[in-house]
Amino acid sequence: MSGDSAQFGNSAYGRKAFKRSRSHFADRITADGRDGWPVEAGRYRLVVSRACPWASRALVSRRLLGLEDALSLAIADPIQDDRSWRFTLDPDGRDPVLGIRFLSEAYDRRETGYPGGVSVPAIVDVPSGKLVTNDFQQITLDLATEWTALHRPGAPDLYPRARRDEIDEVMAGVYEDVNNGVYRAGFATGQEEYEAACSGVFRRLEQLTPRLERQRYLVGDTITEADIRLFTTLVRFDAVYHGHFKCNRWKLTENPVLWAYVRDLFQTPGFGDTVDFDHIKRHYYQVHTGINPTAVVPLGPDLSGWLTPHHREELGGRPFGEGTPPKPVRAEEEVPARGRP
């Protein structure tokens, strides 16, 4: 799977060996339009689920860069079914801009018989209704580097050229062992497979701990793409990965450094205001019936700690570099109260 997808039926999770497929639709939206998709305000629609960590990267990037007016947003129901992500949160069960009930319709308009399932994040060309890309690894990098003409004044540089080698190195380890590792542990079909994945998750987190004890952010003294990619997994850790995916050697709240780090980001405009814990919990526990056949959603964990002081500012750092925080989230995109701490 790339991103979160309905590749082989949700009941199969935990019963088939887990393998995250490469994104089949890897066209890029660029400033020069070299793939046939030029950056253009209002032309494209970003489709996400607030439940999905891969899609949440794009939500955070879009907010930080101030692309809300340039790139419209469609939010899918967290309870997907085997027909793919659906727009049942919208009136009449249709996305009001694309006019479709299921994200698969945009995929079908682009290509029939495509491999890899229907995943988010996805960017759809509004005039044609066709999917442009579901390349979850590249979408946010392009938002940071190819969409610069449409960035808000004061937008941060999330992928600074001078730091890219280090950012790429950090992200590669985080992807393999943490972002993807929790899924390999959660969907493991055997003990050895599970233990290898789970051990990898905590080994990487323990390697990151001293780094983040010394500095506020993963690379340099500002927020970068590396922080976004780690955040979207850590913010889900205690709510779903610790129990549902059996990554339970310790809770995030039991690691003082990582717990302070993720709270610092959560309280930074553009991060926590995109997180919907209700969507996250209902998706994982109700969709993955292969590993949670009762579909019972746990009451915990207590979310009140997310807004407690973290004291990370004592390490210095400038969250937005030479830039400024994003504007308050728009009312129509605000996370419902039941999804917030």
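An open sheet is formed by 4 strands in the order β3-β2-β5-β6, with mixed pairing. Helices (H or I, at least four residues) and strands (E, at least two) are DSSP runs numbered from the N terminus, and two strands are taken to pair if DSSP finds at least two bridges between them. The structure is a predicted model, in which local features need pLDDT of at least 70 and side-chain atom pairs count only at pLDDT 80 or more, whereas totals for chains, interfaces and linings use all residues. Residues are numbered from 1 along each chain as its sequence is written, and side-chain values use heavy atoms, with hydrogens and water left out.

At the edges of the sheet stand β3 (72-75) and β6 (130-133), each of which pairs on one side only. From one strand to the next, the twist averages 35°; axes are lines fitted to C-alpha atoms, for helices over the stretch in contact, and angles run from 0 to 180 degrees between N-to-C directions. Strands of a sheet pair through backbone hydrogen bonds, either parallel or antiparallel. Strand β2 (residues 44-48) and β5 run antiparallel and are joined by 4 bridges. Arg45 has Val124 of β5 as its bridge partner. Helix α1 (residues 53-65) packs on the sheet and touches β2 and β3, contact being defined as heavy atoms within 4.5 Å. The direction of α1 makes about 130° with that of β2.

Backbone geometry was examined next. Most residues other than glycine have a negative phi, and most peptide bonds are trans. The peptide bond from Val120 to Pro121 is cis, with omega near 5°. Pro121 is placed in the loop between β4 (119-120) and β5 (122-125), the latter being the strand that is bridged to β2. A cis peptide bond also joins Gly300 and Pro301, with omega about 0°; Pro301 is located in the segment after α10 (277-287).

Positive phi values occur at two non-glycine positions described here, Lys246 and His311. For Lys246, phi is near 65°, and the residue is found in the loop between α8 (237-241) and α9 (256-266). Lys246 counts as partly exposed because its relative accessibility is 40%, given that buried means under 20% relative accessible area, exposed over 50% and partly exposed in between (1.4 Å probe, protein chains only). His311 has a phi of about 65° and lies in the segment after α10. With a relative accessibility of 48%, His311 likewise counts as partly exposed.
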